[in-house]
Amino acid sequence: MQKRKLGALEVSAIGLGCLGLTNAYGQAIDKAGAIALVRAAVERGVTFFDTAEGYGPFVNEELVGEALEPVRRQVVIATKFGRAIDYATGKRIAGFNSRPDHIRKVVEASLKRLRTDFIDLLYQHRVDPAVPIEEVAGTVKELIAAGKVRHFGMSEASTEMVRRAHAVQPVTALESEYSLWWREPEETHFPTLEELGIGFVPFSPLGRGFLVGAIDAGSKFKDGDQRARLPRFSDDARRANQVLVDRIADLAGQKRVTPAQIAIAFVLAQKPWIVPIPGTTKLHRLEENIAAASVSLSAADLRDIDQAIAAIPVQGERYDEASKLGVAR
């Protein structure tokens, strides 16, 4: 697969978001199947894998660590700290925790679960309003000096926070939602990232599955599927947003590719320092997503897509209150 740069970190042009392997979208696949999928991604050229302490919590890192242990030196693993977790019960709770002593403890635990002696890319999962970002960046800088972490990242952070952190410890990548139905980062973040030489890692480039046409107004979500509580996935919003899915399908048909490939190729075409991390539990979807790296969109194609999508107002907020408080994702 083609390679791209996130700052000084080289990775495959498309990564694998591992969240859905263990939680977030209903019933997780069995462990053996999840490990097989991660290893299939490696075999097909994926070198960038995204997980987090808070996914599960813990089980996602354990799975990724086991799956990638045989090829550890060939891949890049990104994980995260900063979610509030009740360690007595192993459950996520509302709030955040980026205290320096806590960051150090999380890193030690993550290293064990990931079966490695270093973390390639360590993200702050969400900015903690109770801890100055300079303290957070300084703590990660110490971990980098100690050889336990190689690169520092941030997730869903404002440009102000990115700049402040970057002044203490260079930020390699910002991870945030970005797709054909959430394009705000183009205006709010891209200029700053380009100025500072920071890479961008879009999660949910397929709109949590909606943009590929797999979900419509009549779809029913399984127990444990976080989409059931997100405003953008309410019955009314899905009904209103179907016109967007239909338009993407039309554009895909014209290019003789799939809607998923149009969605990913569009994201890739925006900047050379963008590396999307679509997730999946299915091998055929993995192969479909990876093939998007070879889809070529001309300047005219991009203009057509941009104009078509810009004319369709997306309905529904991205997050509910629980997500804003740190309980979800």
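## How H3 and H4 meet

H3 passes H4 in a right-handed crossing, where right-handed means that the near helix is turned clockwise from the far one by less than a right angle, and left-handed means anticlockwise. From H3, the contact draws on Pro100, Ile103, Arg104 and Val107, and from H4 on Glu135, Val136, Thr139, Glu142 and Leu143 (contact means heavy atoms within 4.5 Å). These residues divide into five nonpolar, one polar and three charged; Ala, Val, Leu, Ile, Met, Phe, Trp, Tyr, Cys and Pro count as nonpolar, Asp, Glu, Lys and Arg as charged, and the others, Gly among them, as polar.

A word on what you are looking at: this is a predicted model, in which local features need pLDDT of at least 70 and side-chain atom pairs count only at pLDDT 80 or more, while totals for chains, interfaces and linings use all residues. Residues are numbered from 1 along each chain as its sequence is written, and side-chain values use heavy atoms, with hydrogens and water left out. Helices (H or I, at least four residues) and strands (E, at least two) are DSSP runs, numbered from the N terminus.

## Threonine 139 in H4

Let's zoom in on one residue of H4, threonine 139. Its relative accessibility is 3%, so threonine 139 counts as buried (buried means under 20% relative accessible area, exposed over 50%, partly exposed in between, with a 1.4 Å probe and protein chains only). Setting aside neighbours within four places in sequence, threonine 139 is in contact with Pro100, Ile103 and Arg104.

## How H4 meets H5

Helix H4 (residues 133-145) packs with helix H5 (residues 159-168) at an angle of about 40°, their axes 8 Å apart. H4 and H5 are therefore oblique to each other, and H4 passes H5 in a right-handed crossing. On the H4 side the contact is made by Ile133, Glu134, Ala137, Gly138 and Lys141, and on the H5 side by Met161, Arg164, Ala165 and Val168. Sorted by type, the residues of this contact are five nonpolar, one polar and three charged.

Helix H2 (residues 59-68) is largely enclosed by the rest of the structure, because seven of its ten residues are buried. The buried ones are Asn60, Glu61, Leu63, Val64, Gly65, Ala67 and Leu68. Their cover includes helix H1 (31-43), strand S4 (48-50), strand S5 (76-81) and helix H3 (100-113).

Alanine 32 lies in H1 and is exposed, with a relative accessible area of 55%. Alanine 32 and alanine 67 are 35 residues apart in sequence, and their C-alpha atoms are 9.3 Å apart in space.

## Backbone points to check

Most residues other than glycine have a negative phi, and most peptide bonds are trans. Here a cis peptide bond joins glycine 56 and proline 57, with omega about -5°. Proline 57 sits in the loop between S4 and H2.

Glutamate 156, in the loop between strand S9 (149-155) and H5, has a positive phi near 55°. Arginine 256 also has a positive phi, near 60°, and is placed in the loop between helix H8 (235-255) and helix H9 (259-270). With 79% relative accessibility, arginine 256 counts as exposed.

## Around H10

Threonine 280 is found in the loop between H9 and H10, and at 12% relative accessibility it counts as buried. Leaving aside neighbours within four places in sequence, threonine 280 is in contact with Leu16, Gly17, Leu21, Leu37, Arg285, Leu286 and Asn289. A polar atom of the threonine 280 side chain lies 3.1 Å from the backbone nitrogen of lysine 282.

Glutamate 288 belongs to helix H10 (residues 283-291) and, at 12% relative accessibility, counts as buried. The glutamate 288 side chain makes a polar contact with the side chain of arginine 285 (2.9 Å); a polar contact is a pair of N or O atoms within 3.5 Å, and within protein one must be able to donate a hydrogen and the other to accept it, while residues adjacent in sequence count only if both atoms are side-chain atoms. Not counting residues up to four places away in sequence, glutamate 288 touches Thr258, Ala260 and Gln261.

Terms used: Axes are lines fitted to C-alpha atoms, for helices over the stretch in contact, and angles run from 0 to 180 degrees between N-to-C directions. Angles under 35 degrees count as roughly parallel, over 145 as roughly antiparallel, 65 to 115 as roughly perpendicular and the rest as oblique.
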